[in-house]
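Thanks for coming, everyone. Let me put the structure up, and then I'll walk through a few parts.

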Amino acid sequence: MCIHQLNLLAASNNLPISNFLGKQHPIEAHHLSSICDIMEKAMVNGDTCIIRCILVVFQVVFKFFFSPQTERNRDIVRRSGLLLWQLLMAPRDQICSEIQKEVCLAISSGLNILYPGEAEINNLLKLVLTEGEKRNSGLSQLRDVILTNLAEQLQNNRFGSEDDDHYRLNDELLHYILKIVVRESCVLITKCQTVSKDDFQRLLSTVPAASSCLRYLMAVQNHLLSNTILIKPDDNDDSDSSLQGETLKVQELKTSILSLATQILTGCDEVLEMLQQVTTALINSDISDREQRLKGLEQITKATMLGHLLPVLLTSLMHPNLQTLTMADALMPQLVQLVLYTSQTALLLKTQSPVFSELNSSPSCAPEQKGKQLPDERMLEEKEEPGFLTGLKIPAPWAAGKTVETVHPVRDNYKFKETVHIPGARCLYLRFDNRCSSQYDYDKLVIYAGPSTNSRKVAEYGGNTLGYGSRSVLGTGWPKDLVKVEGDTVTFSFEMRSGREHNTPDKAMWGFACTVRAQESSEDVSGGLPFLVDLALGLSVLACSMLRILYNGPEITKDEETCQELLRSKLLQRCQWQVEANGVISPALTPSPSPLPLTIEEDREFTYPSDVLVPPVGHYFDLPRIRLPPGIMIKLREISGRARPQFRPSIK
């Protein structure tokens with residue numbers, strides 16, 4: 001136990017013991033060989049206590065005291081790995097779960113020592129990812145420990161380090177991890193339909209706990225998105241090599257994000273399909289706790305990849321760095337499918353809200369209610385087709401208001417100024433905290449109806465009625481009712497002009513706190529939208545944004561911007577174009593009779609006839625002339641270097 005505690009303390013990088021252990025000399029090979037001898041003897045005798053102690057020793061040795069540089073050390077490492085693997089693959093009835101856990105921790109601690117090459121680590125991870133749940137529970141436990149450690153390392157190095165490539169697994173392993181996450185999500189959703197009532201309540205009490213595979217995918221996604229969105233280029237280093245390196249890094253990150261996003265959206269498509277099936281099955285079932293299961297289904301869904309991965313991905317894809325034509329072209333089909341699944345499932349759950357109210361009514365009234373139609377429903381049918389947003393109250397975050405407050409209590413010479421702006425508001429309503437107070441009435445708050453202290457003054461408040469300081473207040477005192485300010489902007493200016501007296505308590509110098517709202521009565525904004533409705537709206541917004549990118553097409557290049565005047569010039573309108581076999585448009589080599597007028601005025605708007613791109617077959621003809629203004633002709637002569645010809649009269 002003491003050794004195990006030492007190992008736990010050493011795992012923290014902030015403790016002095018970690019620095020002390022890190023500076024110790026590496027252990028010699030014969031010492032590790034003696035540890036292996038003790039382990040072999042304990043395994044033969046079945047001494048679980050010694051086995052656990054040696055496993056903890058392995059964790060400390062692999063983490064701090066061993067470096068397999070020589071051939072003898074590598075032989076000892078192979079021997080240690082065989083012993084650990086023998087314990088890991090032992091039948092469950094021959095090894096307790098505590099020993100199996102310590103074996104996984106030992107292998108994870110010495111992962112780079114036991115498997116020195118990248119290929120060996122990838123082979124191990126492929127084994128535990130593909131065979132973990134089939135062959136042995138120890139393999140699945142080892143998978144969880146390794147992925148948890150890698151996820152923690154990625155989170156600690158979120159903004160890039162030299163070890164990123166080591167912590168980020170290749171695409172093949174990510175694909176295996178994603179398959180496990182999809183399977184876990186589908187199983188979790190299916191349990192809402194299959195487990196008993198008591199088991200379902202226990203299931204609700206355990207979510208939303210993320211599995212190790214899901215945690216690793218979350219870490220990889222956050223790592224890639226953080227490096228693409230949050231990191232800004234170094235403004236001080238403007239060298240060509242630095243800019244080129246940053247450009248290559250950003251392109252590499254975008255490629256990785258596109259690959260990961262494609263796989264995540266594909267997995268979410270499968271999970272949403274399962275969610276729709278389970279929702280339909282629950283609606284059509286006659287189980288007694290159907291209402292509770294349908295309500296709990298949303299909470300269970302948040303524990304899957306739909307709740308842990310998809311919302312972060314959707315929000316990040318709206319960032320300008322990721323709003324590219326390549327992203328839109330690749331992700332648009334999947335986004336459309338996800339919008340359909342989420343909106344359909346959200347509508348299914350929404351249509352069951354009348355069922356919930358009918359469950360509490362008597363059975364005798366059910367047939368009678370079924371035949372009747374509520375007035376609101378008839379009006380709904382006349383006005384619009386019901387959708388997943390029909391009847392839902394969209395949350396208004398601005399209705400919650402914004403709180404403006406000083407420090408509590410205020411100090412000597414304290415000054416405070418803040419402006420609140422709520423776009424579109426006709427007037428603002430201010431509600432003050434009942435604890436507002438200042439030492440003297442000239443330690444006051446001034447309110448202005450505008451963006452600065454030069455705006456119209458609305459009111460001023462100061463002082464206290466607690467019997468300290470001035471023992472009076474400005475005017476009628478701090479307001480207990482709402483204060484109305486016309487317009488959409490209000491400015492608060494508070495200044496503590498007096499020095500605090502020794503007998504003045506904190507409550508007499510509390511300062512002020514005020515909530516600014518655009519409505520006279522605050523709306524209920526705590527509930528928010530149902531999760532699937534919110535998800536469907538987010539997917540719809542992202543799909544519309546991507547659709548706009550596809551509609552606009554490629555961005556205008558710098559060359560095109562430079563040549564805008566030339567592209568709009570009517571000089572190019574005298575050219576005839578033909579489409580070659582490879583689809584390229586090029587000037588026609590053989591002129592043909594043209595429908596263009598013989599003279600095109602530069603200052604007039606000209607439109608090509610529709611048949612110009614396909615020149616008819618014919619004989620040579622004179623191209624139409626364009627009369628250019630003298631200013632353009634002078635510039636053309638300057639560029640070409642040819643002077644205007646001079647005509648001299650002939651001498652007879």
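**A buried asparagine, a sheet, a helix and some charges**

Start with Asn-464, which sits in the loop between strand E5 (456-462) and E6. Helices (H or I, at least four residues) and strands (E, at least two) are DSSP runs, numbered from the N terminus. Before I go on: this is a predicted model, so local features need pLDDT of at least 70, side-chain atom pairs count only at pLDDT 80 or more, and totals for chains, interfaces and linings use all residues. Residues are numbered from 1 along each chain as its sequence is written, and side-chain values use heavy atoms, with hydrogens and water left out.

Is Asn-464 buried or exposed? Buried, at 2% relative accessibility. My cut-offs: buried is under 20% relative accessible area, exposed is over 50%, and partly exposed is in between, with a 1.4 Å probe and protein chains only.

What does the side chain of Asn-464 meet? One of its polar atoms lies 3.3 Å from the backbone oxygen of Gln-439. The backbone nitrogen of Leu-466 lies 3.0 Å from a polar atom of that Asn-464 side chain. Leave aside neighbours within four places in sequence, and Asn-464 is in contact (heavy atoms within 4.5 Å) with residues including Ser-437, Arg-471, Val-473 and Ala-508.

Now the sheet. Four strands form it, open, in the order E1-E8-E3-E6, with antiparallel pairing. Strands E1 (402-405) and E6 stand at the edges with a single partner strand each, so one side of each has no neighbour in the sheet. Neighbouring strands are turned by 25° against each other on average, direction ignored. Those axes are lines fitted to C-alpha atoms, for helices over the stretch in contact, and angles run from 0 to 180 degrees between N-to-C directions.

Two strands pair if DSSP finds at least two bridges between them. E1 and strand E8 (residues 513-517) are joined by 4 bridges and run antiparallel. There, Val-404 has Cys-514 in E8 as its bridge partner. Strand E3 (residues 427-432) and E6 also pair in the antiparallel sense, over 4 bridges. Leu-430 stands opposite Val-483 in E6.

Stay with E6, residues 483-486. Which residues are on its covered face? Val-483 and Val-485; Lys-484 and Glu-486 are on the uncovered one. Glu-486 forms a salt bridge with Lys-484, the closest N and O atoms being 3.7 Å apart. A salt bridge here is a side-chain nitrogen of Lys or Arg within 4 Å of a carboxyl oxygen of Asp or Glu. Glu-486 is partly exposed at 46%, and Lys-484 is partly exposed at 47%.

How many salt bridges does a search of the whole structure find? It finds 15. One of them joins the side chains of Lys-126 and Glu-172, at 3.3 Å, N to O. That pair links distant parts of the chain: Lys-126 in helix H8 (residues 118-135) and Glu-172 in helix H11 (residues 171-194), 46 residues apart. Next, Arg-293 and Asp-289, with closest N and O atoms 3.0 Å apart. Arg-293 is buried at 4%, and Asp-289 is buried at 4%. Asp-37, Glu-40 and Arg-79 are linked in a network of salt bridges.

Last, helix H22, residues 531-552. Its 22 residues reach 32 Å from first C-alpha to last, close to the 32 Å expected at 1.5 Å a residue. That expected span is 1.5 Å times one less than the number of residues. Its buried residues include Phe-531, Leu-535, Leu-539, Leu-542 and Met-546. Gly-553 follows H22, with a positive phi near 80°.

Note on methods
A polar contact is a pair of N or O atoms within 3.5 Å; within protein, one must be able to donate a hydrogen and the other to accept it, and residues adjacent in sequence count only if both atoms are side-chain atoms.
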